[in-house]
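Let's take a friendly walk through a protein model. Please have a look at the sequence and the 3D view before reading on.

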Amino acid sequence: MNDRITLRRLDDMHCHFRIGSLLKEVLPFTAQYASRGIAMPNTRPRAILTGDDIFWYRDEIRRALDEMPNRYPFEPLMTIEIRDNTTPKIIEKAHRAGAVAGKVYPLGVTTNSDEGLRDFDSEKISETFRAMQDVGMLLLIHGELDREHTLVTKREEVFLPTLFKLAERFPNLKIVLEHVSTRVGVENVRQLGKNVAATITAHHLCLTLNDVVGYGIQPHHGCMPIPKDFDDRDELIVAATSGDPKFFLGSDTAPHPREKKECAKGACGVYTAPVLPQILGEVFEKAECLDRLENFTSRFGAEFYGLPLNDGTISLIKSEWVVPEQIGSVVPFRAGDKLQWQLA
Ligand code: DOR
Ligand code: ZN
């Protein structure tokens, strides 16, 4: 029996590190096992929109790293939010400041998307996407649309034609469909060319809509995109464990203080950073694909981004533990549950 897994240090291609005291709380978990993490730009009150914001946010993250008692080899990969008013000039400056990607939040689909993109078809935004293609920045998309008479469960599906249009118009723009959550989303990513990939979260490999609203409303499973049906989840597991390089880890670890989750109109986001490799170990073990875990966590993302593979390794050992009910101000994913794998 396999009771130890050794993996190249991870790339988590989708992280919400936040700012201020929450940043200091959550960053050590990711830095423990990942050498790089995509720092999502939907921070508030200061969103990351420009090259100047990149300098500021990267410094904040580095300061938080410096304050940690343990020194981990961790590098944040910086992004800006792409809004209707993001210009090619902003792209060039952000790129020079070190932004590797731009993130599109369509208006109103998730946490802090109140100023998200309204129009994917405008001439102005096409010029912005073209500028990203020219400088070699990736386009990361929260692939959902909030339309009248469209249920929250259908928002990814109604976005997919837009993904096809973008992939066709910008064949040299690398596009990531973030946190793919449906079978049809997975199938479309497979169909599209080499310029399109998708991230998969650990929680979408575990949850269905039943786990969110089926047995009492579970605010700590509330996230966007909302977890869906069993066949959707099963197809995500196939995509993650099949060895297809188009699918790689982006945890979307999204911490919110407990009181922002356990209230009316609770915030969307699942905080997986403290349990991420441990949960992935369970999922891949159950799928009898542990030998493919490292490609998913530590190779395919780097290759799509055009980055060298990380140095160093982490190990998971088979040893039961119970996830704390709360860590700092946040309730982690699987709080109070027994997990089988521990970080060595
Ligand atoms: O559930 C989510 N939470 N989905 C997102 O896209 C954003 C995230 C957050 O920032 O909390
Ligand atoms: Zn996210």
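## Strand 5 and its neighbours

In this predicted model, strand 5 pairs with strand 6 (residues 138–141) through four bridges, and the two run parallel. Two strands count as paired if DSSP finds at least two bridges between them. Helices (H or I, at least four residues) and strands (E, at least two) are DSSP runs, numbered from the N terminus. Within this pairing, Lys-103 stands opposite Leu-140 of strand 6. To get from strand 5 to strand 6, the chain passes through helix 4 (residues 123–135), and this β-α-β crossover is right-handed. Right-handed here has a set meaning: with the strands pointing away from the viewer, the path from the first strand over the helix to the second runs clockwise.

Strand 4 (residues 75–81) is also joined to strand 5 by four bridges, and these strands run parallel. Here Met-78 has Ala-99 of strand 5 as its bridge partner. Strand 4, helix 3 (residues 88–96) and strand 5 form a right-handed β-α-β unit. Is strand 5 enclosed or open? Five of the six residues of strand 5 (residues 99–104) are buried, so the strand is largely enclosed by the rest of the structure. Buried means under 20% relative accessible area, exposed over 50%, and partly exposed in between (1.4 Å probe, protein chains only).

## The zinc site

Which residues hold the zinc ion (ligand 2)? His-14 (NE2), His-16 (NE2) and Asp-252 (OD) coordinate the zinc ion at 2.0 to 2.1 Å. Donors are N, O and S atoms within 2.8 Å of the metal (3.2 Å for Na, K and Ca); water is not among the atoms, so sites may look incomplete.

Along the chain, the donors follow the spacing H-x1-H-x235-D. The site links distant parts of the chain: His-14 lies in strand 2 (residues 10–15), and Asp-252 in the loop between strand 9 (247–249) and helix 10 (258–261), 238 residues apart. Both His-14 and Asp-252 are buried.

## Around ligand 1

A side-chain N or O atom of His-142 is 3.1 Å from an oxygen atom of ligand 1. For His-256, a polar side-chain atom lies 2.8 Å from an oxygen atom of ligand 1. Polar contacts like these are pairs of N or O atoms within 3.5 Å.

## How to read the numbers

Residues are numbered from 1 along each chain as its sequence is written, and chains are lettered from A and ligands numbered from 1 in the order in which they are written. Local features need pLDDT of at least 70 and side-chain atom pairs count only at pLDDT 80 or more, while totals for chains, interfaces and linings use all residues; side-chain values use heavy atoms, leaving out hydrogens and water.

Conventions:
A polar contact is a pair of N or O atoms within 3.5 Å; within protein, one must be able to donate a hydrogen and the other to accept it, and residues adjacent in sequence count only if both atoms are side-chain atoms.
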